[in-house]
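Trainee: Could you take me through this model feature by feature, giving the general idea before the case at hand?
Mentor: Gladly; let us look at it together.

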Amino acid sequence: MDFNLVTGLMSELEAKRVKDRISALPDAVLCHILSFLDRTEDAVTTSVLSKRWKKIWASVPSLVFCDEDNPDCVSFVRFVDNVLFFRNSTDIRKFHLQSCCVKDFARIYGWIGTAIRRNVVELDLSVEDFAGDDDHPRVFELPESVFTCKTLMVLGLSSNFITNPPTSGCFPSLKSLNVQIDHPVNKSVEKLFSCCPVLENLRIGGSHGMQRDDPILNFNVSAPELKTLRIYWSSCDVYEKCCKFHINAPKLENFHLWQDPPTDCFLENSKTLVKVTITLCDPLHDNSAEADHRFAIRGTALLAGISSARSLYLSAHRLKKCCLPTFDKLSRLELILYNCYYWELLKELLKRSPNLERLVLELNECKCGESSDHQWIPPRFVPSCLLSQLKTISVRGFKGKVDEMDVAKYLLENGEGLKKMTIYYNDHLCMKEELHKQFSMFQWGSVTCQVELFADIREANCASFGMF
Amino acid sequence: MSEAVMAVVKPEMKSYIWLQTADGSIQQVEEEVAMFCPMICREILQTGMGSSKNYAISLPQRVNPAVLGLILDYCRFHQVPGRSNKERKTFDEKFIRMDTKKLCELTSAADSLQLKPLVDLTSRALARIIEGKTPEEIRETFHLPDDLTEEEKLEPLRNITDDPRIRLLNRLYARKRKELKEREKLKNVEAEEERVDQRSVDDLLTFINGGNGDSKGVKTNKNKKKNRRRKDPPKDSSNNVNGNHNKESEALSSAFHNESRPSSSCNLQDCTAIEFDDGDVDDDLDPAMKEQLDREVEDFARRLNSDWPERMQEILSLGQERRLAPININGNGSARRYTTGLDQR
């Protein structure tokens, strides 16, 4: 035995032990670290690191299983089985399952059952059977235990499900629900939205209408405690199937709607809205008067439902024939104008928003409308908000055209309470001096007003809306 | 006299807290910054310490002066109420850029001071470091000792938490095995078959409980090289893996379908029968016996799937049938010691 070798090895070991600082952290902290890993596989991998790490993974309260990268279904199933079986009995706080290959739904019921028995708080499920028959896809039925789980507060469902909520005792603690429905095959998802008594946060996303036999979905959202609602719906109008959204949410504060193209959406009872964002994309293929008419009806109903908003972002085409309600509480308006309906909309909104304080305009081109000459015809009476309340105006996509200058002039001359106007102009023509000259020739209604002219370097395009 | 008057007037109105680290050094910190730490805050409020140098608050041992400085920087920034979320996030992202050694120290110190937001921040950073790395890479990054034996690495899911279900399963399998042995003896079957039979049950046990005292002659994974086909579970039509994986499995998922664990799909989550390695058993064992065995195992698996109290009921009734003494259940439902009734060896 070579003593030098032994002592050398031992001191190396000592040195190593000293340098290993992470293992000195208490179990709870190590577990906490592992709980931030995106995949459970990474957490379980740490069990082969060293003696200290052998069983830390077993207490991690969040489990994320996804078989997208794992084409071997059998090993995936076995992995989930084993993780669930071998972790200790600490609660499972978060359970995410994305499965597209597991054919044995009974096994999935077992997994969900285990999570529920372990007091799961956040559940996210996406169960599809791609290996099955395309004509008759097997659809996973949500087990009743999910509906009656007392600890469940956050639920996410993507893919088609069959849902049969019980008549009572449903979702007793559910505060947040996110449903993504792409190409629905049945109508049972409709039942989900009126059985959540304490729901505060709801997101409905989906796409619809590509198949001839897609069911028409009528979303009836009835949630007494709902505060935030996001609807993100795109449909293909080829088969003219229009889904409807009817919302009864008396405590709703934030409402975000993105539809392509617009469908019926009506808020029945929301008088405490704070922030509303509406983006209605243009139905490109249909320029008929009939389409306009349909749009007008839908637009009117929708806007009537959001009339209590305090802050509104509106980007919509073809609102020409809509009747606008009065926006009594509106203090901030961000308006994306398209050349299918330009200044009339601005006029109407200004007329109907007596308490408007901030106005943001963005001027865009679009293909849907007539490119008429867009004259600015001033309203008969100056809108009351312009006379006193309106303090800041900001305009993007300014090109210095005649009608745009007319509008700017009108706003400046009549804006007696105006403090600041900011114009972002498209800098193609180096118009800065010209603009400065013209603006300084206007009569400004407010002596304290500041006007700023900026070259807008970014491309003026359709309102970039970003996923919400 | 004028000196006495002057001594009363202090140049600054701020109040300071005195903190002492384990190495004895003392420093003073603005009160609002120190109060951001829950542990310090509690000390001040409950014991009144920290107001002067002689009564400095002793910080936990894991907080050394260098890391205390970092923590106080963090507190100093975040305790200002007017900051926007974006500002805080930007600060955090810059703050967290440090080597792993310091990151670990910071985590440790923040944890001992119960400063949860900082613990979360550092934990996330450490998780990002761990993510996506192989175990070797992780060991290298954190200087972890590679002190697991090869056997331990390949059986990482040894259930050390002593789940009563596992013990129950072990006991029942031991009993099953014993019964089988006895029946075989009566039939005068040769000794080899016993071993074969024993091994198949042992395989299960090995997998479940990584070779506890019950299973004699547990062969480790390396010895099992023979290709074994697994029986299709009756309900599941999915293909079974006929693998001969010999790769040094670092990733755990591959350890799961390592072929040296033939009966590894211990699906106690549903009613699927526990897959038996009957490549060998088929030849030697009476089919009726095998069927009965399968049934009993399946029955047991199904029972395990139901809730614990119900399970205990069933076990109790089972125990009565076979003349077992009752099993004690403590408060949280976990069974305590099994009596000798099940412990027949």
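Mentor: Begin just after α5(A), where A:N119 takes a positive phi of about 60°. This is a predicted model, in which local features need pLDDT of at least 70 and side-chain atom pairs count only at pLDDT 80 or more, while totals for chains, interfaces and linings use all residues. Residues are numbered from 1 along each chain as its sequence is written, chains are lettered from A and ligands numbered from 1 in the order in which they are written, and side-chain values use heavy atoms, with hydrogens and water left out.

Trainee: How many helices and strands does chain A have?
Mentor: Helices (H or I, at least four residues) and strands (E, at least two) are DSSP runs, numbered from the N terminus, and chain A has 11 helices and 20 strands.

Trainee: What span should helix α5 of chain A have?
Mentor: The expected span is 1.5 Å times one less than the number of residues; for the 13 residues of α5(A), 105–117, that gives 18 Å, which agrees with the 18 Å between the end C-alpha atoms.

Trainee: How many residues of α5(A) are buried?
Mentor: Buried means under 20% relative accessible area, exposed over 50% and partly exposed in between, with a 1.4 Å probe and protein chains only. In α5(A) 10 of the 13 residues are buried, so the helix is largely enclosed by the rest of the structure; among them are A:F105, A:W111 and A:I116. The buried residues pack against α4, β2, β3, β4 and α6 of chain A, where contact means heavy atoms within 4.5 Å.

Trainee: How do I read two packed helices?
Mentor: Two packed helices are described by the angle between their axes and the distance between the axes. The axes are lines fitted to C-alpha atoms, for helices over the stretch in contact, and angles run from 0 to 180 degrees between N-to-C directions. Here α10 (402–414) and α11 (432–441) of chain A pack at about 40°, with axes 10 Å apart. That makes α10(A) oblique to α11(A), given that angles under 35 degrees count as roughly parallel, over 145 as roughly antiparallel, 65 to 115 as roughly perpendicular and the rest as oblique. A:M405, A:A408 and A:L412 in α10(A) meet A:L435, A:Q438 and A:F439 in α11(A).

Trainee: And the sheet?
Mentor: Strands of a sheet pair through backbone hydrogen bonds, either parallel or antiparallel. An open sheet of 3 strands runs β9-β11-β13 in chain A, with parallel pairing, and two strands pair if DSSP finds at least two bridges between them. Strands β11(A) and β13(A) pair over 4 bridges, A:F245 having A:C265 as its bridge partner in β13(A).
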